[in-house]
Amino acid sequence: MKVNNICCIGAGYVGGPTMAVIAQKNPDIKVTVVDINEKRIDAWNSNNFDELPIYEPGLSDVVKKARGRNLFFSTDINSAIIDSEMIFISVNTPTKTSGEGKGFAADLKYIESCANQIAEVSKTDKIIVEKSTVPVRTSEKIKKILNSKNKSIDFQILSNPEFLAEGTAMRDLQIPDRVIIGGDNTKKGNEAIQSLVEIYSSWVPKKNILTTNLWSSELSKLTANAFLAQRISSINSLSELCEETGADIEEVSKAVGMDSRIGNSFLKTSVGFGGSCFQKDILNLVYISRSIGLEKVANYWEQILIINKHQRDRFANKIYSLINKESLNKNVCILGWAFKKDTNDTRESAAIYVANNLIKSNIYLNVYDPKVKESQIFFDMNYINGNDKKNKEHISIYNNPIDCIHKTNIIAILTEWDEFKDYDWKNLYKKMSKPAYIFDGRNILDKVKLESIGFNYIGLGR
Ligand SMILES: NC(=O)c1ccc[n+]([C@@H]2O[C@H](COP(=O)([O-])OP(=O)(O)OC[C@H]3O[C@@H](n4cnc5c(N)ncnc54)[C@H](O)[C@@H]3O)[C@@H](O)[C@H]2O)c1
């Protein structure tokens, strides 16, 4: 079936950029992205392209060209469902905070609510595409809701997980390593798969489009994230060993990564991974494994999260211990709040956990991030500790690094923004209280250069 109208439910970090690229590459298809969040949709429709709700390099140029031509953002979810032949579900699937599976399982209530709405309003056959990351066999649940509520319509369910990484989303979408499309192995299932293959074929070589059964597609996404996070925890665990043995993790990482069987990506030591996906998807994998009795498998993957938390905690402890030992100023400058560079997303950012540990020890924080707004920083802190008063007393936000370092002995780098590497560190050094320390939580700065200026450089594993 040739698709002329696409609806995407969920205008977030996945729905927005993904649909912008589908619209860019398929100018003959009308793509409507809908969301219950009116503020978010207004921001997508803003004439000030710096105000789009999501910051991603290259995104605003694509939206500028396609919006109003064949890309639309709306809160009229019902109309978009009725008018489309294909519906992507790109809503959030956070970790459950209550009920069975609390703290581990993915909360599918947003997915289920989409399925209910689609079943209620649809008048013609539809292809439903799971874009959100979901536990294996979720499509079965979606199918059940759709078929039980609307018996007159044929719904084909596809799984098409998204592998974009925030910060490089546009490049990842425009030149994906692979696109995975899972569907039923029936005549109609195969036709639905082909409809989606055709859309991606506008710009993705056929050899990079992998078609699978539904369950393999769903599980591939969880597994890919678990593998990536596992590499980060592996190198982070070794950073502590390096500190105790005199080895340098940067040298070890380079030596290991030059082995072509291993490769060098995701081997950078850091204060820990963040983002909305890695933790949630691993918790989900742990939950699925444990719930079917695979305790050893569950324990294996859970260890990734244990190391990640340990790395954040020990980074905060290092700062706290130094302040006590050397009787330093209790103000610490935090550079970077986003969970990684080139995004304004702060979900599960290591900065939140480090900051929370530090203010628990009564340390005051000056925070600067080039893309994260003050309101978001306080939202994150209130979400994690619920102590608005303490957060307001202990955290001050700055819009430039110079003011942010004022009266501090310690700078902690928590996001690997490129601008931090380009700073005039000589000048910053002059403005700090002495002695001046840099805790480089991303190992991005030049240790030798900083030490020659007078800084005490403390990296991870070096
Ligand atoms: N963020 C990433 O880097 C990334 C990468 C790959 C996959 N994923 C997965 O994609 C999914 C979406 O992630 P995200 O980061 O875009 O989330 P997000 O929170 O940024 O966006 C989800 C949007 O869905 C909307 N929504 C929820 N229920 C709705 C409903 N019933 N009707 C209409 N709108 C509704 C929310 O208002 C929100 O704007 C998740 O499953 C995530 O795991 C995320």
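**Figure 1. Residue classes around the second largest pocket of the predicted model.** The lining of the second largest pocket in this predicted model is made up, by class, of 8 nonpolar, 7 charged and 3 polar residues. The space that lies in this pocket comes to about 410 Å³. Of the 18 residues that line the second largest pocket, those closest to its centre are Leu108, Pro135, Val136, Lys141 and Tyr287.

**Figure 2. Helices that contribute to the lining of the second largest pocket.** Two or more residues of this lining are given by each of helix 6, which spans 138–149, and helix 11, which spans 278–291. The largest share of the lining comes from helix 11, which supplies 4 residues.

**Figure 3. The cavity found in a search of the whole structure.** When the whole predicted structure is searched, 1 cavity of 30 Å³ or more is found, and the space in the largest cavity amounts to about 40 Å³. Glu130, Ser132, Thr133, Val134, Ser159, Pro161, Ser217, Glu218 and Lys221 form the lining of the largest cavity.

**Figure 4. Composition of the lining of the largest cavity and the helix that gives the most to it.** By class, the residues that line the largest cavity divide into 4 polar, 3 charged and 2 nonpolar. Helix 9, which runs through residues 214–245, gives the most to this lining, with 3 residues. The lining residues of the largest cavity include Ser217, Glu218 and Lys221, as well as Val134 and Pro161.

Key
Residues numbered from 1 in each chain as written. Predicted model: local features only at pLDDT ≥ 70, side-chain atom pairs only at ≥ 80, totals over all residues. Heavy atoms only, no water. 1 Å grid on protein atoms, 1.4 Å probe; cavity = no way out; pocket = protein on both sides within 12 Å on 5 of 7 lines; lining within 4 Å. Points joined across faces, edges and corners; volume = space filled by probe spheres on them. Nonpolar A, V, L, I, M, F, W, Y, C, P; charged D, E, K, R; others polar.
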